[in-house]
Amino acid sequence: MIGPAGSLVLGEENHDLPLARVTVTLRTGATSDPEGQEGLAAFASELCRRGAAGRGREALDAAFEGLGASFDVVVDHDAITFDVEGLSRNLDQAVALLADVLLRPDFPVAEADVLRRESHAALDELRDDDASLARRFHARHLFPAHPYGRPRSGTDASIDRLTAEGARRFFERAFAGGDLLFGFAGDLAPDRFQALLARHFGALRSGGAVHEVPPDPLFPSGLRLQIVDKPERTQSQILLGHPAPRWSDPDYLPLLVAAHAFGGTFTARLMTEIRVKRGLSYGASARMGLGRGAKAITVTVFPSLAQTPETLALVLDLWRAWVQDGVSDDEVAFAKTNLASAFGFQIATPEDRLDLAASVAVCGLPGDYRERFVPAVLAVEPAEVRAAMARRLHEKDLAITIVSTAKKLRPLLRKLSFDALEVTPHDTF
Amino acid sequence: MIPISEHPFGAGGLCAKKLRLESNGLQAILVRDPSAPLCAYQTWLRVGSRHERAGKTGIAHLFEHLMFNQTETLAPGEFDRRLETVGAETNAATWVDWTYYRDNLPREQLDLVMSLEADRLAHLVVHDPQVESEREVVMNERRFRVDDDVEGFLAEQLFRLAYTSHPYHWPTIGWMEDIRAITTDDARAFYRTYYAPNNATLVLVGDFDERLAADRIEAHYGAIPPSVIPVEAQVHEPPQEGERRGEWKKAVASDRLLIGWRGCGLGDEDHAAIEVAIELLAGGQSSRLHRRLVIESEVASTVNGAAPEFRDPGLCELTVALQRGRRAAEAERMIAQEIERLAERAVDEAELAKAQNRLEARHWHGLRPMDGKAEALGHWETTAGDYSRLFSVAERVRAVQPEEVRRVFERYLAPSLRTVVCATPARRRS
C-alpha cells in the first residue's frame, strides 16, 4: 500500500485483543552519522520527542502515557523506528501525537543540553553491563573505519559535539515520504489506518528515496585480540567475528545454513562441545548478521575467567575444524530443517509479521521474502554450503574481543598466540 | 479428562478450558488460538526455590538443567535433538514459587512434544557426570547473572537482607557454595518428591483440536503415578521493624540503588492497588520519580519500579542508576518525599487513569504471543492458585480508587519498612 508523500504502508490486522501498534520506520540509521558525530541519528530521533508543536517534553510524555500508550524510538545502523503501542480505543489520539512529534518537532536547545548529559549517563550504564560492553567494542574491532563499526549511541567525545541545530538539519534532510514505512499491527482495520495517516500525516514532505547500501567493510587479516580491561571480573565475555557476505550474495544462504549448524541451536557443535560436554559456558552460539550491507558471523561464549584460555583455545579449534572441514550432509540437513520449521516463530504474531515486513523493506530484500525464505533454505545443497565456506571463510582471520580483567587474564593466555593484541580500558570508548 | 472450568477472553473468541486427569490429578489448561500454525506447550510445576532448605539452595534450578538430559529411553542430548529437528524451541525457567518448561512448536508436532515431556516427567535418569557438567554450567550462569552483574548482585543482597526466615531470603540460582555441594542423590530425591503429575499443570495454547489434544494428554500422561507431595511448612516472616541497609564498592561508573518494601501476595486483594502505586511512582517517563529524579534534578539516568508477583508477600522494588558524581542518598531523599506526598494525599483522577491505562495496555501486550498467553495462565494458576484471575486483571486495576492507592503508600511503603542496597564506584571519576 502507498501512504502519504510516497511512503509505504504495511499492515497486520488482528482483533483478538484490544491492543494496536503503529510504527514509523525511517530507512536511514546510524550509518549516516558523519565521522566525529557518532550518535547523531539517535540524538536527533530522541530530541524530536522532547518538544513538538509547542508542547514540552513532560507534556508530550504525559499525553502519550495518559492514553496508555508507550512510545519508543529504536535506532540501529540501517533504520530508525518510532513505535507507538497502546489501547486501540485511544489510537486516534496517539497517532495525532506521533504526527506532532515527527512533523512538528521543535528541537529545543535546552533539551539538547539535557539530552547530551543523559547520553553520557546512558554510556555509563552500558559500561556496567559486560555483554553490552563487549558488543560495543567488538563492532569497532570487527569493522574498523566502517559505519557498522561506529557506536549508534556515540562516544563521550562525539556526544559533546551534537547540537539541537545539527539534529534539526539531520531530521529535515532524512524525514521524507520516500524514506518512510508506516506500519500497523493488531486491533486496527487498514482503511481506518489509511484515514488516520491522511488526516495526520498529510503535511509529510515527499522525496528522499535513496537508501544507500554501505560499502563492504575492509576486514584486517590475522587473529586480532582486543582485551577490554574491566576490574573485578570473575568471568570473560568473548566475541569472535568474521566477515559475512551481503544477503544478496549467492553465498549468503549457504553460509547461513553453515553458521546455524555450527552454533545456531542447542545441539549444534558449539553448544555440544562447550556447554554440554564441558560445562565451560552457560551460552555458546554462532549467528550471521542480516542488514542492508554485509555484516558478520559472530561467535559468543562467556566462561569463568580461570577457564577463559581453555575455552578460547577450544573455540578456536572448533572454528578451524569447521572452516577447514566444512559441515557434514547430516548437519546441513538438520540446520535446513530447523531453520525452515522455526521460521514460523518469526511470523507468529501480527507484531512479528510487521517487524519482518519492515526489515525486508529496510534491508532491500525481495518483497516476497516471507514466502520465499523456507523453500530457498530447503533448496540449499550440502555441496553449496561447503563451497561457500571454502570461498568465504578464512580460519586465521578473526577479530576477538574479550571483556575481562586484563591483569589476571593476560598471564593465563600466554600459551595462545595472536597476530595482534591490544588492551583497552573499558571506560575509554 | 474431566472438564473443570472455562473462561472466554478477548474479542476474538478465545476461551481457556481447564481439565483434570482422573487417574493422577494432572491438570491442563487449553486455549485454542488458530492465529498461526503453531502451539505453545508448557509444563508448570508447583516447586521452586521456596521448597529448598538452607545448605541446599539452588537445587530447584540445577534440577531444571538436568531435565534436558537423559531418560530411560532417550540418550543424553536426544530430547533437544528431536525437538530441534522438527523446528521446535525449548527452554525452562525456575523462580521462587514455580518451575516451568516451555516448548514452542509447529502444530503438527504436538504429539511428539507431549510424548517427550511425559517421558521426562516420569523417566528421567540422573547420573554423576550430568550433575557435574550442569553444576559447572550453573556456576557460570551465576557468574553471568549475579557475580559480574551489578543489578543481579544487588537484587540478591536485597532479598537476603529483607527476609530473615522465609525462603525468599536465598536466591533461586543458589549460593555458590551450595551449588558446589549438591549431590546426585540430592537431585534424585528432589525429582522423586516434586516431579509428579499431581504437582503439575500443562498449559497448551495454539492451533490444535481440543478433543484430540485432551485425548492425547490422557494417553501420554494417564499411566504416570501420582506422588505424595510434602505439605509445605508455612514460614511466617516476622514484620520488619526498622530500615535495613547494605552498601558495596563495585566496578560501576556511578551509584546504583535498589530499594525494596515487602508488599502482598499475587492473590491478595491489595495487589492491584500496589501495581497502580508502583506505576504512579516509576512507570514511564511521566511518572513521579522519572520526572523528579531524571528530568527535573538530573540526579539519575534511569529509574524503574516493579510490583511483586509472588505467592507470599514479595518485594515492591525501585531501581535507580545515578548520574555520574551524584550520590544515592540524594535519590533516596527524593523518593522518600514523593512517597510521603502520595501517602498524605490521594492522587487525582487523571494521574490514576494514566497509570491504569498503562497497566491495562501492558497486560494485553503480554497476552499477544501464544507463549505469552500460556505463561500468564501457568503463572496465575501456579502462583495464585486460579488461572481465571488473569482475565480480570484489567478490571481489577481499573477499579482501584485513589484512596486505596494512598493507603498502599501508607501501609506498605513507609521508610521504616524499606531495605536499601547500594553499589558505589570503587574508583570515582569526575
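Trainee: How much area is buried between domain 1 of chain B and domain 2 of chain B?

Mentor: The size of an interface is often given as the accessible area lost when the parts come together. Here, in a predicted model, the buried area (accessible area, 1.4 Å probe, that two parts lose on being put together, summed over both) is about 3,600 Å². Carbon and sulfur atoms give 69% of it. On the side of domain 1 of chain B, L154(B), L158(B) and L161(B) supply 17% of the area buried against domain 2 of chain B, more than any other three residues.

Trainee: How many salt bridges are counted between the two domains?

Mentor: A salt bridge is a side-chain nitrogen of Lys or Arg within 4 Å of a carboxyl oxygen of Asp or Glu. The count between domain 1 and domain 2 of chain B is five. D312(B) also forms a salt bridge with R50(B), with the closest N and O atoms 2.7 Å apart.

Trainee: What should I know about numbering and limits?

Mentor: Residues are numbered from 1 along each chain as its sequence is written, and chains are lettered from A, ligands numbered from 1, in the order in which they are written. Local features need pLDDT of at least 70, side-chain atom pairs count only at pLDDT 80 or more, and totals for chains, interfaces and linings use all residues, while side-chain values use heavy atoms, with hydrogens and water left out.
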